Amino acid sequence: MATPSAVNTSVFPDEDFIRVAKQVNEPDFTGYEFYIETMGVTFYRKYRESSGLYEYKVHGIMDLDPIVCGNVYVDWEYRKKWDKYVMELYPIKNEQDNKEGLYWKVDFPFPMSDRDYTFVRDMKVVKLDGALTPVVLAKSEAFPSHPETSGVIRVDDYCQECAMQSDGKQGSKAYMHYYDNPKGMIPTWLINWGAKYGVPQFLQTMQEACKGYPQYIQDQGRVLIPSPEPAIVV
């Protein structure tokens, strides 16, 4: 598999990767309501009383190679090239326990303050019923080396999990579960409205990034392994 890959971390047990991998073929939408359908995928949402925001699940078929898509998801250097909202993105580490993660600063439109994240993330390829299924897990995590800074709002309530598996043709069956509370003085209706239009736009941008990734890897003198050895076999 291409490098740099996911930042190594042991915070996610194998059971979580297996659970998410299974959602590709058997998604659980209990408690969720239908939201929108676009680009071959369907969005579902569930209201969180604590924040007034929604968390989302996405499921469907995308015109992407699952191995390429998994690598694009976790290649932070490449992310800085295709995501125009990235201001800063780089690996970080806690020296006390050697926990590794990422720092990510995101450009928000004026007059809103920019947001930043410190989080852990990992990707493992699960071989599920014979099918290679890249799974990416991520969640907010505090890093003492990167405290909050003035003028930037720290997002400390974020989680994401996604899985991709070949559809047997040229695309992927895809699943994603996502929640993000940007905090600040942004009205909840505006955040929810942004999710409706922003996530589909992100998926479109992601598709274009995946199409350009093989050439990017070649230009970097790196090799993308199309059938990597799975970390977990189910």
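The sulfur of Cys159 lies 12 Å from the closest cysteine sulfur, that of Cys162, which is too far for a bond. A disulfide is taken as a pair of cysteine sulfur atoms within 2.5 Å, and a search of the whole structure finds zero of them. The model is predicted: local features need pLDDT of at least 70, side-chain atom pairs count only at pLDDT 80 or more, and totals for chains, interfaces and linings use all residues. Residues are numbered from 1 along each chain as its sequence is written, and side-chain values use heavy atoms, with hydrogens and water left out.

Buried means under 20% relative accessible area, exposed over 50%, and partly exposed in between (1.4 Å probe, protein chains only).

Gln165 counts as buried, at 5% relative accessibility. Beyond its neighbours within four places in sequence, Gln165 has contacts (heavy atoms within 4.5 Å) that include Val24, Asn25, Leu128, Thr133 and Lys173.

A nonpolar core is a set of buried Ala, Val, Leu, Ile, Met, Phe, Trp, Tyr and Cys residues joined through side-chain atoms within 4.5 Å. The largest one has 30 residues, of which Phe43, Val72 and Tyr73 touch the most other members. H4 gives the largest share of this core, eight residues. Leaving out residues up to four places away in sequence, Phe43 touches, among others, Phe34, Tyr35, Val199, Pro200 and Leu203. A second, separate core of 16 residues includes Phe17, Ala21, Val120 and Val135.

The structure holds one cavity of 30 Å³ or more. On a 1 Å grid over the protein atoms alone, a cavity is a set of points where a 1.4 Å probe fits but cannot get out, and lining residues have an atom within 4 Å of a point. The largest cavity contains about 150 Å³ of space, a volume being the space filled by probe spheres set on the grid points, which are joined across faces, edges and corners. Among its 15 lining residues, Met62, Tyr73, Ala174, Met176 and Leu203 are the closest to the centre. By class the lining has 14 nonpolar, one polar and no charged residues; Ala, Val, Leu, Ile, Met, Phe, Trp, Tyr, Cys and Pro count as nonpolar, Asp, Glu, Lys and Arg as charged, and the others, Gly among them, as polar.

Definitions and conventions
On a 1 Å grid over the protein atoms alone, a cavity is a set of points where a 1.4 Å probe fits but cannot get out, and a pocket is an open set with protein on both sides within 12 Å along at least five of seven lines; lining residues have an atom within 4 Å of a point. Helices (H or I, at least four residues) and strands (E, at least two) are DSSP runs, numbered from the N terminus.
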